[in-house]
Amino acid sequence: MLKKELEIFTFADLLEHFPNRHIDKTKVSRIRDIGPHTDFIQVAGTLINYEMIGAGRGKRLVAQLKDASGVLELAWFQGIGWVTRNLHVGSDYLVFGKTGFFNGRPQIVHPEIEVYVPANADGKSFLEPVYPSTEKLKARALNGRQIGKLTQALLSQVQPKDIKENLPQAILGSLQLMNRYEAYQHIHFPASNELYERAMKRLKFEELFIAQVRMNLVRLQRHKVSRGVVFAKVGELFNTLYSAYLPFELTGAQKRVLKEIRTDTARGHQMNRLLQGDVGSGKTIVALLSMLLAADNGYQSCLMAPTEILSQQHFTGLSELLKEMPVEIALLTGSTKTRERKRILKGLLDDTIHMVVGTHAVIEEVVQFKNLGLVIVDEQHRFGVAQRARLWEKATIPPHVLVMTATPIPRTLAMTAYGDLDYSVMDELPPGRKPITTVHRNETARAKVMDFVRSEIDKGRQAYFIYPLIEESEKMSYEDLMQGYEQVKCFFPEPKFSISMVHGRQPSVQKETNMQRFVKGDTQIMVSTTVIEVGVNVPNASVMVIESSEKFGLSQLHQLRGRVGRGSEQSFCILLTGLSASKEARERIKIMCATNDGFVIAEKDLEIRGPGDIEGTRQSGALNFKIASIVHDKELLELARNEAEKLVEEDVELGMAKNSPLKIFLQGQGRKNGWGKIS
Ligand code: ADP
Ligand code: MG
């Protein structure tokens with residue numbers, strides 16, 4: 001039963017089934033004080049009566065508990081046999097549970113109940129643990145308190161040698177952490193609140209630290225053990241572009257990241273770096289300069305983008321910057337014509353083509369390089385791990401990898417979910433950008449919104465109208481979009497306005513054509529679902545209207561909004577909502593109106609939704625913490641990260657005597673969970 005419901009298989013599992021809170025047995029409330037807003041409550045009283053009521057599914061056992069102030073009703077729908085066997089009219093009980101009202105009377109359904117022993121009379125601690133349980137277990141009388149009894153029995157048997165310390169003494173000392181054995185005692189049965197807090201801190205730290213040690217081992221073993229091509233020098237090509245053709249000064253963040261990349265690629269070990277930069281922070285130029293660094297050292301490079309449009313844009317932009325330089329760059333996508341394709345394949349094989357930009361076509365098996373040294377993946381969340389792995393087959397020494405993403409993720413999440421990668425952040429936008437003005441409007445203000453869009457278009461700008469894509473109902477989304485399109489057409493009937501529409505049901509050729517017309521400025525309005533390409537750059541588009549914006553998540557709204565604000569003009573984002581938007585949706589919209597900073601938005605997103613829902617992290621086992629939380633324990637996580645980094649840096653083999661308890665622990669854990677080797 002315990003096994004199936006709570007996945008508790010061993011004694012160790014039971015000890016790691018931590019209480020979710022403690023109750024103070026001295027805090028007993030009066031029944032009379034139960035009000036409509038009372039949540040969980042503990043009362044003590046005499047059982048004065050019980051009887052079966054109702055029939056069929058509504059059949060239940062109802063009991064009355066009386067204290068000096070009033071009467072409380074207790075009800076059971078399941079486990080009735082146990083209750084009638086064990087509870088006796090006339091005895092005193094301590095009852096705990098969530099209160100509700102039924103027929104105007106206060107009631108607790110499936111309370112936790114035990115024989116009442118006045119506080120301290122039995123010499124037990126004041127704080128009693130309450131464990132997560134399930135309805136099924138409760139029905140079998142294995143409620144939180146019963147689990148506590150099992151745990152207590154177990155704890156009284158275990159010796160310090162059974163719960164061995166796994167953290168190095170130096171860390172315990174410098175951070176003043178409780179030892180492991182004591183922590184297990186006090187997390188379950190604390191002698192005081194203070195000891196409980198210290199036990200929590202110790203166990204949270206341990207959990208975060210162990211995870212960070214694992215991640216850092218992977219990262220540093222790659223640094224120290226893996227082979228990588230060496231970009232020894234910054235040469236002619238890099239310097240020429242930098243000094244002669246770069247149309248602007250690099251931002252501080254861009255310079256810093258380039259320096260990190262140069263250090264990484266000069267060491268002789270493979271680089272695996274995640275570059276996070278907010279929309280518009282200028283990642284493309286960092287990519288280009290890195291590719292030139294490869295070329296300066298005689299290596300080829302490739303830049304992969306998730307879509308044809310984006311590949312095309314990158315290719316056009318980079319070719320323009322490179323046009324006076326002795327570098328051959330090619331574009332390879334699914335729609336590259338056979339002859340051109342042949343030329344490119346040959347060029348990559350004999351190194352007459354130095355750089356290739358493209359979609360996943362670039363990693364098809366037929367594409368072979370002479371000496372691929374660097375792979376850059378733009379907007380990584382659309383590329384699968386398996387796809388990336390195929391790149392490894394393209395060279396004898398694995399190429400350096402730079403993954404760029406414009407979906408900011410909070411630092412804590414990055415550290416836990418991507419802690420095995422090196423990690424750079426570009427948290428600075430190029431100077432001179434005007435922050436996008438974001439406003440929230442109700443559906444009722446639509447006519448005014450349309451007037452505003454018209455006035456912007458009259459000034460020569462372009463506008464996006466974005467409709468939500470409802471995953472469960474593609475058909476409904478499609479109908480919404482069509483209606484929206486008709487509506488936009490009604491508001492802009494004159495022939496001088498032309499409208500592009502892009503959606504997921506179009507054949508890709510048509511999608512591309514419609515997109516291109518907007519990119520070139522042949523159309524003024526783009527009506528689209530969220531298929532609108534991430535990363536698309538139309539600097540002249542200065543207005544975005546997001547329809548039914550309450551249906552979008554925060555990071556998605558931020559991504560979409562990033563399509564405007566790319567030129568020198570003031571840009572606007574208008575979030576339309578129906579009148580029925582939920583409180584949470586309104587909260588999201590408020591945040592969007594308040595800030596343009598993707599990292600702030602990502603933090604809020606994490607707070608609102610929790611880590612499990614953030615894109616790309618769902619499958620990440622790294623986030624299955626038992627006791628720590630990357631939302632609430634940020635400082636502890638930083639601390640754990642620093643300590644883990646220091647330790648692994650000093651002793652990547654974990655061969656030092658002081659680290660041997662840790663090594664033994666990790667090996668044991670590895671066996672248990674079938675994790676990879678920690679040699
Ligand atoms: P993203 O990081 O979203 O991929 P891009 O690389 O597309 O951003 O850059 C956005 C725009 O900013 C481009 O038009 C680019 O030319 C411009 N840009 C990039 N770096 C700078 C800079 N240091 N100063 C001024 N403009 C820059
Ligand atoms: Mg980009």
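A residue is called buried here when its relative accessible area is under 20%, exposed when that area is over 50%, and partly exposed in between, using a 1.4 Å probe and protein chains only. The model is predicted, so local features need pLDDT of at least 70 and side-chain atom pairs count only at pLDDT 80 or more, while totals for chains, interfaces and linings use all residues. Residues are numbered from 1 along each chain as its sequence is written, chains are lettered from A and ligands numbered from 1 in the order in which they are written, and side-chain values use heavy atoms, with hydrogens and water left out.

Start with the aromatic side chains. Rings of Phe, Tyr and Trp (its six-membered ring) form a pair if their centres lie within 6.5 Å; planes under 30 degrees apart are stacked, over 60 edge-to-face, and the rest tilted. The whole structure holds eight aromatic pairs. In one of them, Phe452 and Phe572 have ring centres 4.9 Å apart and planes at 85°, so the pair is edge-to-face. Phe452 belongs to helix 16 (residues 446–458) and Phe572 to strand 21 (residues 572–577), so this pair ties together parts that are 120 residues apart in sequence. Helices (H or I, at least four residues) and strands (E, at least two) are DSSP runs, numbered from the N terminus. Phe452 has a relative accessible area of 29% and is partly exposed. The rings of Phe492 and Phe497 also make an edge-to-face pair, with centres 5.1 Å apart and planes at 75°. Phe492 is buried at 2% relative accessibility, and Phe497 is buried at 8%.

Between helix 16 and strand 17 (462–466) runs a loop that contains Gly460. Gly460 is partly exposed, at 41% relative accessibility. Its C-alpha atom is 9.3 Å from that of Ala541, a residue 81 positions away along the chain.

Next comes strand 9 (residues 272–277). Six of its six residues are buried, so the strand is largely enclosed by the rest of the structure. In a regular strand the side chains alternate between the two faces of the sheet. Asn272, Leu274 and Gln276 point one way from strand 9, and Arg273, Leu275 and Gly277 point the other way. Two strands count as paired if DSSP finds at least two bridges between them. Strand 9 pairs in the parallel sense with strand 14 (residues 400–405) over five bridges, and Leu275 stands opposite Met404 of strand 14. Strand 9 also runs parallel to strand 15 (residues 422–426), to which five bridges join it. Across strand 15, Arg273 faces Asp422 and Gly277 faces Met426. Four of the five residues of strand 15 are buried, so strand 15 too is largely enclosed by the rest of the structure.

The last stop is the second largest pocket, with about 1,400 Å³ of space. Of the 50 residues that line this pocket, Gly280, Gly282, Arg433, Asn537 and Arg566 are the closest to its centre. A pocket, on a 1 Å grid over the protein atoms alone, is an open set of points where a 1.4 Å probe fits, with protein on both sides within 12 Å along at least five of seven lines; lining residues have an atom within 4 Å of a point. The volume is the space filled by probe spheres set on the points, which are joined across faces, edges and corners. Helix 12 gives the largest share of the lining, nine residues.
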